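User: Hello! I am new to this structure and would like to learn how to read it step by step. Could you guide me?

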Amino acid sequence: MKFSSFLVIISSLILGNYIDSLLVIAVNKPYFEISFLTMIFFYWCYAAPQYFSLTIIIICGVIIDFINANYLGANTLVFIIYSLVIKTYVFRLRLFSQVQVSLVFGLLSSLGFTYFYYILFPDGYQYTKLTFNFFTTIILWPFVFSACRYLRRNFAFELK
Amino acid sequence: MANKTPLRFSKFLHTFFVLIFSATLYLDLTQNTFSLLRVIQNSIIISSDLAIAKTNSFFQSALANKKNYQKLVKDLEQLNKKYEIELAKKYVSTKKENDQGKGLIPAKIVYFDAYKYVCCGVHEMLISNSQNKYLPVLNSDGLIGQTVEQHGNFGKLMLLSNPKHFLPVKIGKNYCSAFGKAIPHTIFCSFDKSNAFKEVLVNEEVFTSGLGGIFPKGLKIGKISEIDISEKYVEVSITLNADPRNSPNIFLLKNNEI
């Protein structure tokens, strides 16, 4: 894998993280929780699993932890678990329709959300947030998928 | 169709790193082992903010008429500071007219994560004054929290909406200890529906009761925005007057001066 491809992946994740925080601050509602970061991560695991290696996942996780001033391993741990699940079923998932894939990723995102809030920020955990996160992931996944695919085809690498 | 994926990746390595990072996370959560990383991150943000502000002001002053620009900026800063301190004094003076703003110590917010404030229930911030603990803190709109501990060269401020924070308040003839639920700009009061409970109304003003010894009596906190009545309890939501995101200028209130 080329270094430029790695840069595209990490930049897209950082951009996703930035958009998440910008939106949360701008909307300023207690139920609002959106995770572009998770969806972009899902995309790279789903579309380019052979290039998105464990080393890259760990590096990305640690960088995101550092940027967000989170406990070390908070994002990294959930990224590795996502990667394990998606890589195990990636070729089956590709047979699914977009709606089915959206549902699977919505569920995965909600599980990650629950882990993240329940362990790290129990004060911020709310069921309305969880539901909002689940539905926004389902609705936004096709758009994130298209945007990331465009990015991969034009700037990162072709899937062989 | 194949039942197993032909993709080559090591499940063992994934599991191994899950265990490693679980241990790391556990150590960091319980013993703050990697807190240095967060301190570095905070200091990078503070320094980069400062560097950006300095660079910005350098280029702006180079472009504009330097003297006029700097004079105007200085005037504006002074006016803004005066205006905010006047507002804070006015707020404090609701307690005692003759002591207007006597016990106000000016300080600045140096680090505040607005994202975690909204999303994750982190209702704390770092302020420039590290010397004074357990003092009420206000901005130009009203009370926002209290100083709790020293954090490096800075002081840590716990906001009123923090779930660990309790504020003794008075609503009409009722007394209660208001607490946060990590919802921005809002605190809550719970009353037992006993004989001592007097009716409260939406939009009724809420004041500090002076009990507890930290917050002086009679400061206006906010208004009742919602009343939730159950069989045994009444829970009141109070929307605070002051939003900690409004201004970087804050004031510590010396209790004994008011």
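Analyst: Gladly. Let us start with domains, whose bounds come from an automatic or database domain assignment. Before the details, some ground rules: this is a predicted model, where local features need pLDDT of at least 70, side-chain atom pairs count only at pLDDT 80 or more, and totals for chains, interfaces and linings use all residues. Residues are numbered from 1 along each chain as its sequence is written, while chains are lettered from A and ligands numbered from 1 in the order in which they are written.

User: Which domains does chain B have, and what distance separates their centres?

Analyst: The assignment gives chain B a domain 1 made of 54-158 + 245-257 and a domain 2 covering 166-240. Taken over C-alpha atoms, the centres of domain 1 and domain 2 of chain B are 26 Å apart.

User: How many residues of the two domains of chain B are in contact?

Analyst: Two residues are in contact if their C-beta atoms, placed from the backbone, lie within 7 Å. By that rule, twelve residues of domain 1 of chain B touch ten residues of domain 2 of chain B. To say where they sit we need elements: helices (H or I, at least four residues) and strands (E, at least two) are DSSP runs, numbered from the N terminus. On the domain 1 side, α4 (114-119) and β4 (142-151) of chain B are the elements that give two or more residues. β4(B) gives the most, with three residues.

User: Which partners does β6(B) have?

Analyst: Strand β6 (residues 166-171) of chain B pairs with β9(B) over three bridges, and B:Lys170 has B:Phe207 in β9(B) as its bridge partner. β6(B) also pairs with strand β7 (residues 174-180) of chain B, over six bridges, where B:Val169 stands opposite B:Cys176. In the hairpin of β6(B) and β7(B), two residues lie between the strands, and B:Gly172 takes a positive phi near 60°.

User: What joins β7(B) to β8(B)?

Analyst: Two bridges join β7(B) to strand β8 (residues 186-192) of chain B, and the two run antiparallel. B:Gly180 stands opposite B:Ile187 in β8(B). This hairpin has five residues between its strands, and B:Ala182 in the turn has a positive phi of about 60°.

User: What is the mean pLDDT of chain B?

Analyst: pLDDT is the predictor's confidence in each residue, from 0 to 100. The mean for chain B is 82, and 91% of its residues reach 70 or more. Over residues 96-100 of chain B the pLDDT is below 50, and this stretch has six contacts in the model beyond near neighbours in sequence. Where pLDDT is low, the predicted coordinates should not be read in detail.

User: And how many helices and strands does chain A have?

Analyst: Chain A comes to six helices and zero strands.

Notes
Pairing = 2+ DSSP bridges.
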